[in-house]
Amino acid sequence: MKIAKEYSEKIDIKKNTEYAVKGITKICKKIGPRKPGSPEELRAQQWMERDMKNYCDKTEIESFTLHRQGFMGFIPFTVACGVASVFVNWFASPIAALVLCVLAFIPLLFEFLMYKQFDDFLFPKQTSHNMIATRSPKGEVKQRIILVGHSDSQFEWTLNYLMGGLKAKLFVEIPAVVGLIVQTVYAVVCLIVGKGTMAAMDITKARWFFITFFVVSCVFIPFEIAFLFFQSWTKSVPGASDNLSGCYAGMATIKALAEAGIEFENTEVRMICSGSEEAGLRGAKAYAKAHEEELKDIPTAVIAIDTFRDLEDMAVYDRDLSGTVRHDWGVKNLVKNAAANCGYDLSFESIYIGGSDAAAFTQRGIKATGFAAMNPDPPRYYHTRLDTPENLRPEAIEAGIEILCETLCMYDKEGLPEK
């Protein structure tokens, strides 16, 4: 049974879905793309803050610094090292080739897969912001629930736009990474065999083996070069679904509860419209670090809401940050149970490549999970110019708002479920 059933006549989900769609459309049309740490990102947050002032007791915008190109800026370096290793191995030294391969992998692993701020210092600095809106309870604050959606939009993923996410993954991205692995193995084998440069070897069966290895390594070079065009370095996308839909689903949830006259007794509700998520979760990381002590003073649950568009793929996220982080059992089951009360049977899914804002909180020991409705292929609109208001699916946003309303009411009444 819905915990929020007693309020169902007062909570107007459809009206607030319309509010969300109108808000998303207005920002896309009037402000446009919002690259991490840009004036447009801040302007969108200021618009969101003005809305939230009507339904929250406190709003604020906090600044932090970032280096937005650090997250993807390693790509030319990684490609250059991988390609060069093939020829260095053949004409110079397997040791030098192996060093190049290791250097190629390091930023790929630390920046792209693990979201570490590894090479950020090499790139220009910007100022980004987080917008925080807080709705206080009637009585003493004894627990807190935070909804977080990111207000920035990604630089366009050119290959995804030209080929579609699945084709780009199968025909460029995976072969490029496999190529780097093959080139690394090639260098290791040559080093173990200890034959010196391959060009100097005698014509033997062993030589033909290494010639074949060299040719196979060369086959992957075009895929690695194509990876240079993975994303644009200047053009950002509208970001209607990813992730204005998440921001407005959270904001509409707070608005719906406020308009229905629902005041929690001891549960504080916060909405964070984070900045620079697309630059490696930088806004969520900055907020979690700055507020860690406060967030641990009382029981706190965080739900990262990201992209409500593909309703058939709506899920709660169990693992995050390229599968390296496992979210809290209680928070993910809170969302799953709330969805069940609303008639949705959501599965637990994992983010095996990439991450969500929830990971920044889980890494700090703050209970969190992710909640989204997006095809993981990914779809062609993802991080491309096709992510427009015209491509929104209001029914997915409506489902998100309904589930979030139920989640907040359940948390207020029952807290987190126990194993």
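Helices (H or I, at least four residues) and strands (E, at least two) are taken here as DSSP runs and numbered from the N terminus. On that basis the protein chain holds 14 helices and nine strands. Its radius of gyration, taken over C-alpha atoms, is to be set against a globule rule of 2.2 Å times the number of residues to the power 0.38. The value for the protein chain is 24 Å, close to the 22 Å that the rule gives for 419 residues, so the chain is as compact as a globular protein of that length. This is a predicted model, in which local features need pLDDT of at least 70 and side-chain atom pairs count only at pLDDT 80 or more, whereas totals for chains, interfaces and linings use all residues. Residues are numbered from 1 along each chain as its sequence is written, and side-chain values use heavy atoms, with hydrogens and water left out.

Along its principal axes, the C-alpha trace of the protein chain spans about 85 × 45 × 35 Å. Of the 419 residues, 59% are buried, where buried means under 20% relative accessible area, exposed over 50%, and partly exposed in between (1.4 Å probe, protein chains only). If a contact is defined by heavy atoms within 4.5 Å, then residues 24 or more positions apart account for 88% of the contacts in the protein chain with a separation of 6 or more.

Side chains of opposite charge can pair when their charged atoms come close. A salt bridge is counted when a side-chain nitrogen of Lys or Arg lies within 4 Å of a carboxyl oxygen of Asp or Glu, and a search of the whole structure finds 22 of them. One of these joins R144 to E268, with the closest N and O atoms 2.7 Å apart. R144 belongs to strand β3 (residues 143-150) and E268 to strand β4 (residues 267-274), so the pair ties together parts that are 124 residues apart in sequence. R144 is buried at 5% relative accessibility, and E268 is buried as well, at 8%. R144 and E268 are also linked with R270 and E294 in a network of salt bridges.

A second pair, E292 and R364, meets at 3.0 Å, N to O.

Helix α10 (residues 282-290) has R282, G283, A284, K285, Y287 and A288 among its buried residues. The cover over the buried residues of α10 includes β1 (58-66), α4 (94-113), β2 (126-135), β4, α11 and α13.

The backbone deserves a separate look. Most residues other than glycine have a negative phi, and most peptide bonds are trans. Another cis peptide bond joins D377 and P378, with omega about 0 degrees, and P378 lies in the loop between β9 and α14 (394-414). H383, in the loop between β9 and α14, has a positive phi of about 60 degrees although it is not a glycine, and H383 is buried at 3% relative accessible area.
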